[in-house]
Amino acid sequence: TKGGRPDKAPSRQAVVSTQSTGVLENIPVTKKLKDNGNLCVGTLESWLIWKLTNGNVFATDFSCASSSGVFDIWRLKWCPILRFLSSTPIEILPEVRNSNAHFGDINQLDEIGIRCPIRGVIGDQQASLFGNLLFNEGGIKLTLGSGIVCDVNTGRQTHPTCYSVYPLVGWKLVGQEPCYVAEMITANGGRAVEWLAKSGLVDRIESVDFYAQSVSDSGGVSFNPSSPNILQLSTKNPSAQASYTGITFSSRVGHFVRAVLQSQVLSAKKTLDHVFEYYGKPSLLRVDGGVSQSEFVLTEMSRVCKVKLLRSDRVEGSLIGAALLAGLGEGLFLSLEDIEKRVVLPFTPFDYHR
């Protein structure tokens, strides 16, 4: 920012080039703040850093910046073409730092004499890859959360976009070249499983396996998470609707639940088929996310995809990845190799041969 500290918190924007333009053009006060040098446009992590440091630091890291759509992942800087595509000046975007850099201290703890530095910032799915200890090129993980996301560690090289697979910065450590990832997202994932509990079909989400295994098959019932898009595996249309088909008078709760879980398996298979076609099938595929707690889903997925799965017993791989990165930034770990030697994460195998 120019002219001192902004008097407004940074705007939270996911797609800077489009959403910030709409804000600047349609909300008069933002134009005035911009002209006075008192406006920042960033994403969630840059807003959190701003708040936690009491406005002293407005920054993000390379992985989060690369997910914005306006960051040049090869030159490692905000893309200058942004000026021509929108009225958003680059100067109001956050500073981009290494993933394990120092992002300031949490000022709210100063009063009680505690220094708490922010030593790690990383994107959600990149953190999941990091948390699964997939530091080497060729590592693949699948997250079964609200969406179905597959990430491939491509090392120091980016791979061209294909089949809705796009390159991102995985992380960039101090003094090192960036590690790149290729990512593919299917938008409609675990929310359908959450709906089973919210709708009252099951008493709680943990019981979905019980109901799915209470019947031998789905009884002809099929669940379509949403209408597929020709160009992408995921549907971006917010008005897209899910549907059940094949319902008869003999359909029971178990059939409805099993159909939803089978839709998760098939959606994941579509994603993995495209990834495996381009990057090859790994001997082991690591899986995390809330839906991965369903043994029915993972058993079926291993069988249908013909790949051995390793489920992290720590469901939230992103939390582990962020914590390990912060430990690396603070010096608790000396290197990625040191993390691999000292950190042991438990995994549960799912093998289609069994």
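Biologist: Start with one residue. Is Gly 147 buried or exposed?

Modeller: Keep in mind that this model is predicted. Now look at relative accessibility. Under 20% counts as buried. Gly 147 comes out at 14%, so Gly 147 is buried.

Biologist: Where does Gly 147 sit?

Modeller: Gly 147 is in the loop between strand E7 (140-144) and strand E8 (148-155). The C-alpha atoms of Gly 147 and Thr 186 are 5.8 Å apart, although 39 residues separate the two along the chain.

Biologist: Next, a helix. How many residues does helix H11 have, and what does it span?

Modeller: Compare the end-to-end reach with the expected value. H11 covers residues 317-330, which is 14 residues. From first C-alpha to last, H11 reaches 20 Å, close to the 20 Å expected at 1.5 Å a residue. After H11 comes Gly 331, with a positive phi near 95°.

Biologist: Which residues of H11 are buried?

Modeller: Gly 317, Ser 318, Ile 320, Gly 321, Leu 324, Leu 325, Gly 327, Leu 328 and Gly 329. The buried residues of H11 pack against helix H6 (124-131), strand E13 (284-288) and helix H12 (336-342).

Biologist: How do H6 and H11 cross?

Modeller: Look at distance, then angle. The two axes come within 6 Å and cross at roughly 75°. Angles of 65 to 115 degrees count as roughly perpendicular. H6 and H11 are therefore roughly perpendicular to each other.

Biologist: Which residues of H6 and H11 meet?

Modeller: H6 brings Asp 124, Ala 127, Ser 128, Phe 130 and Gly 131. On the H11 side are Gly 317, Ser 318, Ile 320, Gly 321, Ala 322, Leu 324 and Leu 325. The contact divides into 6 nonpolar, 5 polar and 1 charged residue.

Biologist: Now charges. How many salt bridges does the whole structure have?

Modeller: The general idea: side chains of opposite charge can pair when their charged atoms come close. A search of the whole structure finds 7 salt bridges. One of them joins Glu 330 and Arg 119, at 3.6 Å from N to O. Glu 330 is in helix H11, and Arg 119 is in the loop between strand E6 (95-97) and H6, so this pair ties together parts that are 211 residues apart in sequence. Glu 330 is partly exposed, with a relative accessible area of 38%.

Biologist: What is the distance between Arg 342 and Asp 338 in their salt bridge?

Modeller: Their side chains meet at 3.1 Å, N to O. Both residues lie in helix H12, 4 residues apart, about one turn of the helix. Asp 338 is buried, at 14% relative accessible area.

Biologist: How exposed are Arg 204 and Glu 206?

Modeller: Arg 204 is partly exposed, at 47%. Glu 206 counts as exposed, at 56% relative accessibility. These two residues also form a salt bridge, with the closest N and O atoms 3.7 Å apart.

Biologist: Last topic, the backbone. What is the phi of Leu 76?

Modeller: Most residues other than glycine have a negative phi. Leu 76 is not a glycine, yet its phi is positive, about 60°. Leu 76 lies in the loop between strand E4 (71-72) and strand E5 (77-78). At 23% relative accessibility, Leu 76 is partly exposed.

Biologist: And where is Lys 306?

Modeller: Lys 306 is in the loop between helix H10 (295-305) and strand E14 (308-312). Lys 306 has a positive phi of about 55°, although it is not a glycine.

Notes. Residues are numbered from 1 along each chain as its sequence is written. This is a predicted model: local features need pLDDT of at least 70, side-chain atom pairs count only at pLDDT 80 or more; totals for chains, interfaces and linings use all residues. Side-chain values use heavy atoms; hydrogens and water are left out. Helices (H or I, at least four residues) and strands (E, at least two) are DSSP runs, numbered from the N terminus. The expected span of a helix is 1.5 Å times one less than its number of residues. Buried means under 20% relative accessible area, exposed over 50%, partly exposed in between (1.4 Å probe, protein chains only). Contact means heavy atoms within 4.5 Å. Axes are lines fitted to C-alpha atoms, for helices over the stretch in contact, and angles run from 0 to 180 degrees between N-to-C directions. Angles under 35 degrees count as roughly parallel, over 145 as roughly antiparallel, 65 to 115 as roughly perpendicular and the rest as oblique. Ala, Val, Leu, Ile, Met, Phe, Trp, Tyr, Cys and Pro count as nonpolar, Asp, Glu, Lys and Arg as charged, and the others, Gly among them, as polar. A salt bridge is a side-chain nitrogen of Lys or Arg within 4 Å of a carboxyl oxygen of Asp or Glu.
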